Amino acid sequence: MALSNGGIIGTVSLVAKKTTTFTSSGTFTALPTTSVVEALVIAGGGGGGRGYYGKGCGGGAGGYRNSYDYETSGGGGSSETPSPITGGNPYSVTIGAGGASGGNPLGPAAHGANGSDSSISGTGITTITSTAGGGGAGYDNTPGPGGTPGAQGNPGGSGGGSSDAPHSGGAGTSNQGYAGGDGAPAWYSSGGGGAAAVGANMGIPGQGLGGDGVYSYITGSQVGRGGGGTGNTDNNPAPRGTGPFGPTTYGGGKGGQATSAGTAGGANTGGGGGGNPGPGGAGTGGSGIVIVHEPTVASGVWNMEDLFTYKSDGTW
């Protein structure tokens, strides 16, 4: 028998949930009843630096902001407050690209470039922006502070690793990521900062690791993102390894050795690019990602047509 009220059903206690993942820029439209969203927003990672028989440092991870289910943000930050929105409105989602890797190893072009910011914006929401990861330093023979070759890693969401002394690692952004590793008067390299840890300092063979990233369950499974790039582990004059070297658990690129290239940060992880000691080339930063979770509670009165649509879409 048809309902005389036009298909309105009574009080319910169901919860509609929906998770939307953006790996490229686009538009997010919330469910009509959504009043608040939880989001993971990660920027593009910084590119790795290119060295000259050493000094090719890892890029920093893209800024990591998270408001999902009390999970932590980057840089030691706690989970952010879920964002109030207007249900049914369209919101602009921007996915940051990874930064370019360093080029000519004997000048400023040796340094990796910063990535690009990721964001959610629109009417009815306070814009959420994660800051691009900082590029890793390369071998710059232009005298810097103290008259030494080398350079400071770029600041960013997480900072890029620095080459040579007295350069400290590129600074990270508060509640988004950590600094890159410090430079030292040596022919090894430092790692880029990650969402969960500082990049390793320069000067220890085989230890220029990128900082760790963070795990999240926002998609329903455990995924690590936001790792810093590993610097090259080559030495001048010897020994010279074969590489590439370093973990990729959180999307950070591996550092090159001898003629092997540094690898790119993982796509849609915001991982920093791996550094390289010269001939092989460094890795680009990994692109960012935005994941939006709608924990919408039913209002208690629903139109049957809307209920059928949500059930068919798998969002009820």
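User: Two strands pair if DSSP finds at least two bridges between them. With that in mind, how many bridges join E8 to strand E9?

Analyst: A quick note on the source: this is a predicted model, where local features need pLDDT of at least 70, side-chain atom pairs count only at pLDDT 80 or more, and totals for chains, interfaces and linings use all residues. Residues are numbered from 1 along each chain as its sequence is written, and side-chain values use heavy atoms, with hydrogens and water left out. Strands are DSSP runs of E with at least two residues and helices are runs of H or I with at least four, numbered from the N terminus. E8 and E9 (residues 128–130) run antiparallel, Ser119 stands opposite Thr129 in E9, and the number of bridges joining the strands is three.

User: Which residue in the E8 and E9 hairpin takes a positive phi?

Analyst: There are six residues between the two strands of this hairpin. The positive phi, near 150°, belongs to Gly122.

User: Is Ser83 buried or exposed?

Analyst: Ser83 sits in strand E6. Contact meaning heavy atoms within 4.5 Å, and leaving aside neighbours within four places in sequence, Ser83 touches Ser35, Val36, Val37, Ile125 and Ile128. Because its relative accessible area is 11%, Ser83 counts as buried.

User: Which residue forms a salt bridge with Glu80?

Analyst: The structure holds one salt bridge, taken as a side-chain nitrogen of Lys or Arg within 4 Å of a carboxyl oxygen of Asp or Glu. It links distant parts of the chain, 15 residues apart: Glu80 is in the loop between E5 (64–66) and E6 (83–84), while the other residue is in E5. Glu80 is partly exposed, at 25% relative accessibility. Its closest N and O atoms are 2.7 Å apart from the partner, Arg65.

User: What is the area of the nonpolar surface patch made by Tyr52, Tyr53 and Leu106?

Analyst: Patches take residues with over 30% relative accessible area and no salt bridge, joining like charges within 9 Å and nonpolar side chains (Val, Leu, Ile, Met, Phe, Trp, Tyr) within 5 Å. Leu106 lies in the loop between E7 and E8 and is partly exposed at 37%. Accessible areas come from the Shrake-Rupley method with a 1.4 Å probe, and for residues only the protein chains shown count as cover. The patch comes to about 260 Å².

Terms used: Buried < 20%, exposed > 50% of the residue type's maximum accessible area, 1.4 Å probe, protein only.
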